[in-house]
Amino acid sequence: MYHKLYKLTAILNINGISKTYGKVKALNNLSLQINQGEVFGILGPNGSGKTTTLGIILDVIKANSGTFTWFGEEPKKESRQKIGSLLETPNFYPYLNARQNLSIACKIKNVDDSDIDRVLDIVNLLTRADSKFKTYSLGMKQRLALGAALLGNPDVLLLDEPTNGLDPQGIAEVRTIIKNLAAEGKTIIMASHILDEVEKVCTHVAVLKLGNLLTTGPIETVLSKQEQVYVVADDLNLLKVTLGQIDGVSNIKASTSKIYLMLENGKDSAYLNKALFDKGITLSELGVQKPDLEANFLEIIN
Amino acid sequence: MLTLLQIELKKILPYKTFWVIFGLVFLLIPGVFFALGQVNPMGGKDMFSFPNVWNNLTYLASWFNLLIGMTFVILVCNEFSFKTFRQHVIDGQSKSDFIVAKILLMVVLATASMLYIFIVGALFGLVNTDNSAGLTEGIMYVGVYFIQALGYMSVALIIATLIRSTALSIIIFMLSILIESIVQVIIGIFSTAGIENYFPMEIIANLTPNPIMEAITVNQQAMQAGMQQPGMPPPAPIAEAIPLSTNVYIAVAYIIAIWGITYFILTKKDIK
Ligand SMILES: Nc1ncnc2c1ncn2[C@@H]1O[C@H](COP(=O)(O)OP(=O)(O)OP(=O)(O)O)[C@@H](O)[C@H]1O
Ligand SMILES: [Mg+2]
């Protein structure tokens, strides 16, 4: 995968951030590191603290405790100017048109106005560039917000529910945009409550629930995106012990009738069959199962 | 700094509401001033000539300064209701940029109003002055009017930052004079130190003194000096007024304090 081509350079470091609203503990001692080139998904159900996390690292919400750094530096406005962000809702002046609104964002980010048409083209709003923002549909507003985040072609993007309010075609378009940006090596941090979305575009994921970090890591490990292999033999106990001695086998789990396992990349079921045969075990059944992400995810958050 | 001002102008130049209110103010000031001159028993000429025109015109314009303050409430509340302040911070502004930008904007608006008042006053004066009084006599009232405009807009800034909802902020802004009067009366009952005369809205309002009261005070002072002027009404007992220069210093101190407190309020809250 492409993210592995990069040396691990931390873009964002979050150290023990907590935030409470009255009695609600919105975030509980969250620590994360996000490295250059990662497409990092923050996944969690409604109210799990995703927006709170992004709001804190964008300096609009004050954490009760904890620290964070961008590009290895203390948070400051110049760092934010280098990040393209879409937080929760599209925020624009309703009486200004798309060009006028983006021109204000350009001034803040020190980006030349000539970039406006480029981003409007990417988000398919060029033909409506001179309409007032208040006349836009929900999906068009969301597109404009995404366009604003792309101004200045930033190396880091921070997107909170980027496909919110979009039609299926819009969702597909936005995912393609994100994938293309990722392929250019940009670092993307994306919050979503949609497993499918995170699974399709992210390389890494952190799962939040009620402000607690449940798990984090490369997406294939966290969501067990790898295919599962299952094997059956006469003596399941012996089979299990033997599997433990075979190179490249991991995540061995026994059910009453089968044993599930994962094979490391480059090793296939023929390899497994032969390795077991060499150790004197004959399999009565060997199969490959598509991963059930939904089940994995629900297992994590419950 | 220049960039911050450019951004502010990009927001308001295409904003219709802003132009409607400012257009009305700029039309009504000379219109009402002229009309008042026609109904004035002393005649318009006296009212419009140098140096009286400056005190008279700025006193009238001070009522419209309240309207300018209200416009400023709307401009600041917009940043909260459109969530554009939040977006600006996300995009890379700081909270102090927000305050500095609004201060720059109010300086520009106050300067524009002051220049306009200067032009209107100069025209009325030049047409109506027969005596030897020059244009610059009493012109300090125009400068003081500028400080008053800043004062009302600063009060607007802090109210809008505290309350954030446009409708409620406008109401509180309008009521602030009344609220202050009530507090003044209560304090006046319990204290004899006279601090109730130094409250912000009153200090700002007094920057453009009522010309009729001015005349009475002058008359009274003249009488005390033993120079009774015939034809003037007998002096009414007037509370000891704060001299205009002192009033200016206090107003400037209030304005700077309000800017500081507004910044403090902003740093204490999450940006919603
Ligand atoms: N301004 C606020 N005042 C009080 N409570 C808040 C505030 N903002 C967020 N919360 C609470 O903090 C918790 C986390 O909210 P947050 O917006 O971060 O969730 P989220 O993961 O972004 O959810 P969603 O998927 O619905 O966007 C919730 O319980 C929410 O009610
Ligand atoms: Mg959210």
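Mentor: Residues are numbered from 1 along each chain as its sequence is written, and chains are lettered from A and ligands numbered from 1 in the order in which they are written. Because this is a predicted model, local features need pLDDT of at least 70 and side-chain atom pairs count only at pLDDT 80 or more, while totals for chains, interfaces and linings use all residues; side-chain values use heavy atoms, with hydrogens and water left out.

Trainee: What area is buried between chain B and chain A?

Mentor: Contact means heavy atoms within 4.5 Å, and 26 residues of chain B are in contact with 28 residues of chain A. Buried area is the accessible area (1.4 Å probe) that two parts lose on being put together, summed over both. Carbon and sulfur atoms give 57% of the area between chain B and chain A, which is about 2,600 Å².

Trainee: Which residues of chain B lose the most area to chain A?

Mentor: Three residues of chain B together account for 24% of what that side buries. They are K10(B), I90(B) and D91(B).

Trainee: Which element gives the largest share of the side of chain B that touches chain A?

Mentor: Helices (H or I, at least four residues) and strands (E, at least two) are DSSP runs, numbered from the N terminus. There are 16 residue pairs in polar contact between the chains, both residues at pLDDT 80 or more; a polar contact is a pair of N or O atoms within 3.5 Å, where within protein one must be able to donate a hydrogen and the other to accept it, and residues adjacent in sequence count only if both atoms are side-chain atoms. The elements of chain B that give two or more residues to this side are α1 (2–12), α5 (84–91) and α11 (244–268). The largest share, 7 residues, comes from α5(B).

Trainee: Which residue of chain A meets R86(B) in a salt bridge?

Mentor: A salt bridge is a side-chain nitrogen of Lys or Arg within 4 Å of a carboxyl oxygen of Asp or Glu, and the count between chain B and chain A is 3. At 3.5 Å, N to O, the side chain of R86(B) meets that of E88(A).

Trainee: How many residues apart in sequence are the parts tied together by R99(A) and D117(A)?

Mentor: The side chains of R99(A) and D117(A) meet in a salt bridge at 3.1 Å, N to O. R99(A) lies in helix α3 of chain A and D117(A) in helix α4 (residues 115–122) of chain A, so the separation of the parts tied together is 18 residues.

Trainee: Where is P51(B) placed?

Mentor: A cis peptide bond joins F50(B) and P51(B), with omega about -5°. The place of P51(B) is in the loop between α3 (44–48) and α4 (52–81) of chain B.
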